[in-house]
Number of protein chains: 2
Amino acid sequence: MISKNQIKLITSLSQKKSRDESGLFVAEGTKLITDLLPAFVPHLFFSTTEWLQKNKELITLQPEIVSEAELHKISSLKTPQGVLAVFRKPTYTFSAGALTSRLSLALDNVQDPGNLGTIIRIADWFGIRDIFCSEYTVDAFGPKTVQATMGALARVNVHQVQLPCFLKELPVSLPVYGTFMDGKDIYTETLEPNGIIVMGNEGRGISPEVEQFVSSRLLIPNYPKGEPTSESLNVSVATALVCGEFRRRRY
Amino acid sequence: MISKNQIKLITSLSQKKSRDESGLFVAEGTKLITDLLPAFVPHLFFSTTEWLQKNKELITLQPEIVSEAELHKISSLKTPQGVLAVFRKPTYTFSAGALTSRLSLALDNVQDPGNLGTIIRIADWFGIRDIFCSEYTVDAFGPKTVQATMGALARVNVHQVQLPCFLKELPVSLPVYGTFMDGKDIYTETLEPNGIIVMGNEGRGISPEVEQFVSSRLLIPNYPKGEPTSESLNVSVATALVCGEFRRRRY
């Protein structure tokens, strides 16, 4: 049985304000919740009897049993997946020193929750541990982003930072990469095994305040190379191509 | 002034059945419509006065002027973009012979309209002219896919085919590539400049009926390579990484 206060809390968590105030976020679906349970502290955990019977071997924590009708009341999905959990948002720390030995991502005002979720999955796939999000990048703990991460949120640390200040305070020797239309061909440029890859906003790209800290301007060439084009790449697709090329050099 | 019959027609085009029966589809937004106008036959073309004043140099065809309120009635967007057009769906032909000299994509039941739209953009970026969609792949002319293509639909030929039959009838010498968890590292395998790249369904991957025609099984390695992972890549992200690697070898 879900209480009225619990319903009120869970539905309020679709709003960033409530997530910030409570420090909580919602996740739904088997893959997502079984990935997140070992990584985050669950605050509430509900499932239907059917879900529990089917998935009890995947979990060590006992959910509170609710009916399909109750789940509908708290779910933000058209078709609830039989399981919903509220987790405490993690707080990560990092040292500028540790970043100098690895590859990290920084996002300059990425606006679409689906893009952010996909980028978190890409980071997970390519072994990138930290993503530094500018203040106006969409919230990584919003329901659409959380769903789009497919559980990768459990393995990637998403930090919110004042991006220009963050980049300014990094050791000057650490390369900062960004993609620009006038950048140099990523497939022939030298790519270090460590550094920060900055990806920009969907419409406007990297902002001037952040651009000043980019030390290496890259371009993903279209094909045939150099042919005039009115095309562009989605920011998550561009992130994949850039991360893929950095990693290909080190396999 | 938009007639009642026009409103009825336009709103009906959100349904695949109506698009199939009428042979028409809807597009909204400046970039999309200015990209599609030279490529497709417009059946209806509406804009507000404000839109026309701002964009008249981008178009050679005169739109019918409508009010914001009228545009709201026919738009499927929360915030209509000042311009909407109905186009005749193109009918493309192809010869198996022509395909032997180039790289093409085939989609085996890709379900998400946003993924299909993004894949069409990726094809456009990487100079891939033809995409062969299985019968149950989501319709390329649905409103969400059309919007997600950002105009790339004007430059990429999307065909609907019976995918196993299509692959069966190709010259046996033409390589057919697919990605599988047990495939061989794409970064070290031989990749021909021509062939078909098959991408599978979001959840189930490539179906057995299609898999039998795949002559080269590829894997996009995660990083660090070979480490056990519960991650997966979004199908549009995987498409970008595969197409990017084929093209990188030929730049």
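Predicted model: local features only at pLDDT ≥ 70, side-chain atom pairs only at ≥ 80, totals over all residues.
Me: Is the crossing where H7(B) passes H11(B) left-handed or right-handed?
Reply: H7(B) passes H11(B) in a right-handed crossing. Residues are numbered from 1 along each chain as written, chains are lettered from A and ligands numbered from 1 in written order, and side-chain values use heavy atoms, without hydrogens or water.

Me: Why are H7(B) and H11(B) called roughly parallel to each other?
Reply: Their axes (lines fitted to C-alpha atoms over the stretch in contact) cross at roughly 15° and come within 9 Å. Angles under 35 degrees count as roughly parallel, so H7(B) and H11(B) get that label.

Me: Which residues of H7(B) and H11(B) meet?
Reply: From H7(B), Asn115(B), Thr118(B), Ile119(B) and Ile122(B) meet Val235(B), Ser236(B), Thr239(B), Ala240(B) and Cys243(B) of H11(B). Contact here means heavy atoms within 4.5 Å.

Me: How do the residues in the contact of H7(B) with H11(B) split by class?
Reply: You get 5 nonpolar, 4 polar and no charged residues.

Me: What about chain A: what makes H7(A) roughly parallel to H11(A)?
Reply: H7(A), residues 113-125, packs against H11(A) at an angle of about 15°, with the axes 9 Å apart. That angle makes H7(A) roughly parallel to H11(A). The contact takes in residues including Asn115(A) and Ile119(A) of H7(A), plus Val235(A) and Cys243(A) of H11(A). As for handedness, H7(A) passes H11(A) in a right-handed crossing.

Me: Which residues line the largest cavity?
Reply: Tyr187, Leu241, Gly244, Glu245 and Arg248 of chain A line the largest cavity, along with Tyr187, Leu241, Gly244, Glu245 and Arg248 of chain B. Helix H11 (235-248) of chain A and helix H11 (235-248) of chain B each give two or more residues to the lining. A cavity is a set of points on a 1 Å grid where a 1.4 Å probe fits but cannot get out, and lining residues have an atom within 4 Å of a point.

Me: What is the class make-up of the largest cavity's lining?
Reply: The lining has 4 nonpolar, 2 polar and 4 charged residues. Gly counts as polar, whereas Glu and Arg count as charged.

Technical notes. 1 Å grid on protein atoms, 1.4 Å probe; cavity = no way out; pocket = protein on both sides within 12 Å on 5 of 7 lines; lining within 4 Å. Helix = DSSP H or I, 4+ residues; strand = E, 2+ residues; numbered from the N terminus. Axes fitted to C-alpha atoms, helices over the stretch in contact; angles between N-to-C directions. Parallel < 35°, antiparallel > 145°, perpendicular 65-115°, else oblique. Left-handed = near helix turned anticlockwise from the far one by under 90°.
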